[in-house]
Amino acid sequence: MAEMLLELFSEEIPAGMQARAAEDLASALTKAFDGLAPRDIQTFFGARRIAASITLDHEIPARTVSERGPRESAPEKALAGFTRKHGVTPADLTLEDGFWVLNQNLDPVSAETRIADVVPEILWKFPWPKSMRWGAGSNFTWVRPLRRITCILDGRVVPFSLARDGDDAHGLRSSNLSEGHRFVAPGAFEVTSTSQWKDELETRSVIVDVDTRRDMIRTGIARLAAQQNISVVEDAGLVDEVAGLVEYPVPLLGRIGAVFMDLPAEVMQVSMRINQRYFALRTPEGKAAPFFAFVANLPFKDGGALTTAGNERVLSARFADARHFWNLDRKTPLADRVPALDAVTFHAKLGTQGARAQRISTLARHVAEAMDLTSQQADQAYRAGLLAKADLTTGMVGEFPELQGVMGGYYAAHDGEDSATAQAVAEHYMPRGLGDDTATAPVSVAVALADRLDLLAGFFAISETPTGSGDPYGLRRAALGVIRSIRDNALRLNLTDLFSKAAGERTGGELPRLPDFIAERLRVQLRSEGKRHDVLAATLAGGLDGDLVRLLARTDALSDMIQTENGRNLLAAAKRAANILRIEDKKDGPHTGQPDSTLYAQDEERALAKALDEAIVQTQQALKEERFTDAMQAMAALRPVLDQFFEAVIVNAPEPEIRANRLRLLTKFRQTTALIADFGQIEG
């Protein structure tokens, strides 16, 4: 076996493209080297390089390859096309089972030859999201100008060039040379193996392993923060991005001027993150600390003092801009900004943000009333709904769209709005993502639900619904927000009624599909939690229960029931009955209607009929009183009589009347289980 190392050294690669590029490189090489049994694949990526190390067999052994061509009776043109494709003559073909077949004896192919053949083609076709040309005279593209190609096999250069068809591809060809840090260790060095390459780069201030760079960033910043008795605001996305920007991470700590410490913590954090890729820090009390952390790309002889001072000056300028927006925005009360929303288009078919604010406020009152909130809280929800989108007209949100809602809450509090209203404005976007918390304050929950219900009803009414992987208006996220807000707060709401209120006078479009859309999102969420989504599907067979809390309680009770022995046997019996009815109904069904007790010929029939009558009464009463466990137990109690029925009774009796009556009895059993769920949708 042999070790191959391929490094593609270029100008700085955007951080967000590096990981995918390394995956694409590994995938392409694995596919191209299929005959060489590629294994032990490692990928590396960073600001100026992507690389892959692969263990390969020394050669593809000699082999015979057979390919079937056209039929013997095919037109001559088909045969000519097949021979032309493979560069052979008809005499080279053999006739096997009515088809022309080409059998080729292929010579062994060395790993070196295979690498030299396929790597140039991989690089010419590499799937960067965006590529660029540079220089003159070549159509070869790369994400940024490609400077070197290091390609060795067991320490020896695999020679190849990217030139083709008169295009010199900037003269790029393979070598055993790589480069270290641009400033600390410029110049080339020889590469002999993957381990030597990694070690040599580290001595030249380049850490090629991204996990090591991430760890250096996290632990380095945490250590500096601990020295000041403060902590780092967790931001995995920023760690990943910074790890893609630096080759040798050197965490440093800067100080924030006291004059800026009265800015909202969210403003400071977003400004640092978006503009400068700085990390925010918090005091033990959870307040913004007068420090920031950043990561340099090389070690310093002075410990980074000069660089830290420069970054402090840059951040002061950024915070000065933020202070300008902060002071200017507060001069205009949030309520006075609401009319300006009439000039902001929400969607061409759904009107302005002003019209949407009116809808949200009205709907927020309905939701508050459905939540049994007080009249004061309903008024607060109405007020918060009206103000919720007003911060879209502020300078701060214009500069930092990520602060929508958050700034509205600050401005509402500054204007003297009551605390519940201001909090609801700030929290109505919660949850913003899958891992975010939901709002818990009652008024905030009402406005958050109203915002999403209006969004869903509006876009479904104009048939702008998600398709495949496309969801430009975030409707899947909105639906999950509705579900999570209800579940996390155990809200007993009638979603069907709220959908109707959200739709208002709008009808048609895809609105009838909205309940099914919510149900599907609920199934997705349960699946992600590892729960039995098939049980939910069975419970939903009769349509979406507008009360999600009740629906999930029924689902949990059913899930628990089918884990028991009686439950499993009942499920098996239900599926057996369904299979019998499906077959017999095709012959002369459907077999509906009340069974005739005078036609019962065996005690087992009578016992089942009696048990069904009792189970129906008990199940319906238990469901009405939301005693779902009792309802499941009443259904599971049918198991013994069902076992006896199927063991002793021949359903397809020779007497037509008795057969039909027994099929009606099975239909009644199926209708009884349908009070609980469609057992046919439960797996197992």
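# Reading helices, sheets and single residues

Q: Which residues of α10 meet which residues in α17?
A: In this predicted model, Leu-363, His-366 and Val-367 of α10 meet Leu-498, Lys-501 and Ala-502 of α17. By class, the residues of this contact divide into four nonpolar, one polar and one charged.

Q: What makes α10 roughly antiparallel to α17?
A: The axes of helix α10, residues 353–370, and helix α17, residues 495–503, come within 10 Å and cross at roughly 160°. Angles over 145 degrees count as roughly antiparallel, and therefore α10 is described as roughly antiparallel to α17. As for the hand of the crossing, α10 passes α17 in a right-handed one.

Q: Why are α22 and α25 called roughly parallel to each other?
A: Helix α22, residues 603–624, and helix α25, residues 656–674, have axes that come within 10 Å and cross at roughly 25°. Since angles under 35 degrees count as roughly parallel, the conclusion is that α22 and α25 are roughly parallel to each other. The crossing in which α22 passes α25 is left-handed.

Q: Which residues make the contact of α22 with α25, and how do they divide by class?
A: On the side of α22 the contact is made by Glu-605, Leu-608, Ala-609, Leu-612, Asp-613, Ala-615 and Ile-616, while α25 brings Arg-662, Leu-665, Lys-668, Phe-669 and Thr-672. By class, the contact of α22 with α25 has seven nonpolar, one polar and four charged residues.

Q: What makes β14 and β15 the edge strands of their sheet?
A: Four strands form an open sheet in the order β14-β16-β17-β15, and their pairing is antiparallel. The strands β14 (231–232) and β15 (250–255) each pair on one side only, and they are the edge strands. A helix lies against this sheet as well: α5, residues 210–227, packs on the sheet and touches β14, β15, β16 and β17 (288–296), with a direction that makes about 35° with that of β15.

Q: How do you know that β14 and β16 pair?
A: Two strands count as paired if there are at least two bridges between them, and β14 is joined to strand β16, residues 279–282, over two bridges in the antiparallel sense. In that pairing, Ser-231 stands opposite Arg-282 of β16.

Q: What is the order of the open sheet of three strands, and which strands are its edges?
A: The order is β5-β7-β6, with antiparallel pairing, and the edge strands, each of which pairs on one side only, are β5 (63–71) and β6 (93–96). Neighbouring strands of this sheet are turned by 35° against each other on average, with direction ignored. Helix α2, residues 76–86, packs on the sheet and touches β5, β6 and β7, and its direction makes about 155° with that of β5.

Q: How do you know that β5 pairs with β7?
A: The requirement for a pair is at least two bridges, and seven bridges join β5 to strand β7, residues 99–106, the two running antiparallel. Arg-63, for instance, has Leu-106 of β7 as its bridge partner.

Q: Why is Asp-534 called buried?
A: Its relative accessible area is 5%, and buried means under 20%, so Asp-534 falls in the buried class. Asp-534 is found in helix α19, residues 533–539, and, not counting residues up to four places away in sequence, Asp-534 touches Gln-681, Ile-682 and Glu-683.

Q: Which form, cis or trans, does the peptide bond from Met-430 to Pro-431 take?
A: The bond is cis, with omega near -5°. Pro-431 is found in the loop between α14 (419–427) and α15 (442–461).

How values were computed
Residues are numbered from 1 along each chain as its sequence is written. This is a predicted model: local features need pLDDT of at least 70, side-chain atom pairs count only at pLDDT 80 or more; totals for chains, interfaces and linings use all residues. Side-chain values use heavy atoms; hydrogens and water are left out. Axes are lines fitted to C-alpha atoms, for helices over the stretch in contact, and angles run from 0 to 180 degrees between N-to-C directions. Angles under 35 degrees count as roughly parallel, over 145 as roughly antiparallel, 65 to 115 as roughly perpendicular and the rest as oblique. A crossing is left-handed if the near helix is turned anticlockwise from the far one by less than a right angle, and right-handed if clockwise. Contact means heavy atoms within 4.5 Å. Ala, Val, Leu, Ile, Met, Phe, Trp, Tyr, Cys and Pro count as nonpolar, Asp, Glu, Lys and Arg as charged, and the others, Gly among them, as polar. Buried means under 20% relative accessible area, exposed over 50%, partly exposed in between (1.4 Å probe, protein chains only).
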